[in-house]
Amino acid sequence: MSRLTDLLDKTQTASPGIGFAASRQSAGIPAIALIGRVTAAELAENSGLADSPTDALLVTLDPSDSSAVSRAGEALQDKLWGARVGIASAEVASSLKEAGCDFIVFDPEDTSAALLNDDDLGSVIAVDFEDPEFAEDEAKAIRTLDIDGALLTPQDGLLPLTVKKLLGVQAMRATVRKRTILTAPAELGKSELETLRNVGVTGIAVNIADAGSEIQRIKDDIANLPRRRSQSGRGTSSPSVGFGSGSSSADEDYDDE
């Protein structure tokens with residue numbers, strides 16, 4: 001299991017009891033994982049981005065550029081990081097792993113299916129919400145594959161976070177049934193973070209190159225989120241396990257099989 005997969009699972013499986021927030025923070029387990037998006041070029045120009053206060057980093061790079069892969073590995077040594085690639089083969093996966101990469105975010109069209117055979121390398125499929133070519137049947141088929149998670153990107157942006165957009169997030173989550181990372185802007189506020197946490201989003205991916213102090217603010221907001229309320233609003237309930245580990249009652253509402 002990749003370190004990212006383990007992290008995403010831990011955000012969802014702990015049961016909030018008395019003193020839960022403090023124990024979660026002391027254990028270094030966020031309520032929702034904060035993943036910093038950055039390009040290989042941005043990382044090369046500003047090495048300080050490697051020390052951004054995120055739980056993981058996602059580096060967009062050309063995997064065929066061995067020097068770029070090597071530089072990213074050196075800059076992110078001992079850190080949890082992954083690569084955002086358009087096309088991935090078994091050979092690409094091997095070279096990225098050697099550089100210290102923990103997970104790969106890939107487009108499905110030209111990625112080798114052999115990539116899914118590597119249990120040590122996390123696999124995250126990239127999905128655009130409103131992609132007309134991404135049929136519902138194809139989305140449902142994703143749940144049958146050994147994929148660790150899905151990176152969901154709203155084409156119209158996440159903010160303002162309306163109920164309609166939240167319905168879109170939930171509909172896609174229920175369709176693919178994978179651990180969910182959501183592309184999000186740095187302007188995301190504490191109330192939006194709480195909403196996304198409450199519906200089961202396991203991670204957010206934020207561009208860190210121009211975010212400045214917003215990344216630390218988001219990190220602090222996540223650490224100080226209130227305890228999760230039950231649907232009845234009369235107490236607390238255990239967070240639902242991520243889609244990669246099973247279904248919740250919310251999933252069953254969408255299941256038409």
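Q: Which residue stands opposite Ile-35 in strand 8?
A: Ala-205 does. Strands here are DSSP runs (E, at least two residues), and helices are runs of H or I with at least four, numbered from the N terminus. This is a predicted model, where local features need pLDDT of at least 70, side-chain atom pairs count only at pLDDT 80 or more, and totals for chains, interfaces and linings use all residues. Residues are numbered from 1 along each chain as its sequence is written, and side-chain values use heavy atoms, leaving out hydrogens and water.

Q: How many bridges join strand 1 to strand 8?
A: Five, and the two strands run parallel. Strand 1 covers residues 33–39. Two strands count as paired if DSSP finds at least two bridges between them. Arg-37 also has a partner in strand 8, namely Asn-207.

Q: What do the strands build overall?
A: A barrel closed by eight strands, in the order 1-2-3-4-5-6-7-8, with parallel pairing. From one strand to the next, the twist averages 25 degrees. Axes for that are lines fitted to C-alpha atoms, for helices over the stretch in contact, and angles run from 0 to 180 degrees between N-to-C directions.

Q: And how many helices?
A: The protein chain has 10, along with eight strands.

Q: Tell me about strand 7. Buried or exposed?
A: Six of its six residues (179–184) are buried, so strand 7 is largely enclosed by the rest of the structure. Buried means under 20% relative accessible area, exposed means over 50%, and partly exposed is in between (1.4 Å probe, protein chains only).

Q: Which way do the strand 7 side chains point?
A: Arg-179, Ile-181 and Thr-183 point one way. Thr-180, Leu-182 and Ala-184 point the other way. In a regular strand, side chains alternate between the two faces of the sheet.

Q: What are the neighbours of strand 7?
A: Strand 6 (residues 149–153) joins strand 7 through four bridges, in parallel. Gly-149 pairs with Arg-179 there. The chain gets from strand 6 to strand 7 through helix 7, in a right-handed β-α-β crossover. Right-handed means that, with the strands pointing away from the viewer, the path from the first strand over the helix to the second runs clockwise.

Q: What about the strand 8 side?
A: Four bridges again join strand 7 to strand 8 (residues 203–207), also parallel. Ile-181 has Gly-203 as its bridge partner, and Thr-183 has Ala-205. Strand 7, helix 8 (residues 190–198) and strand 8 form a right-handed β-α-β unit. Four of the five residues in strand 8 are buried.

Q: Switching to cores. Which residues touch the most other members in the largest one?
A: Leu-61, Ile-104, Leu-196 and Ile-204, out of 55 residues in that nonpolar core. Helix 7 (residues 163–176) gives the largest share, four residues. A second, separate core has 15 residues, including Leu-4, Ile-35, Ala-56 and Ala-205. A nonpolar core is a set of buried Ala, Val, Leu, Ile, Met, Phe, Trp, Tyr and Cys residues joined through side-chain atoms within 4.5 Å.

Q: What does Ile-104 touch?
A: Its contacts include Ala-83, Val-85, Leu-115 and Val-124, not counting residues up to four places away in sequence. Contact means heavy atoms within 4.5 Å.

Q: Last one, Asp-220. Where is it found?
A: In helix 9 (residues 214–223). Asp-220 is partly exposed, at 35% relative accessible area. Pro-53 is 167 residues from Asp-220 in sequence, yet their C-alpha atoms are 9.8 Å apart.
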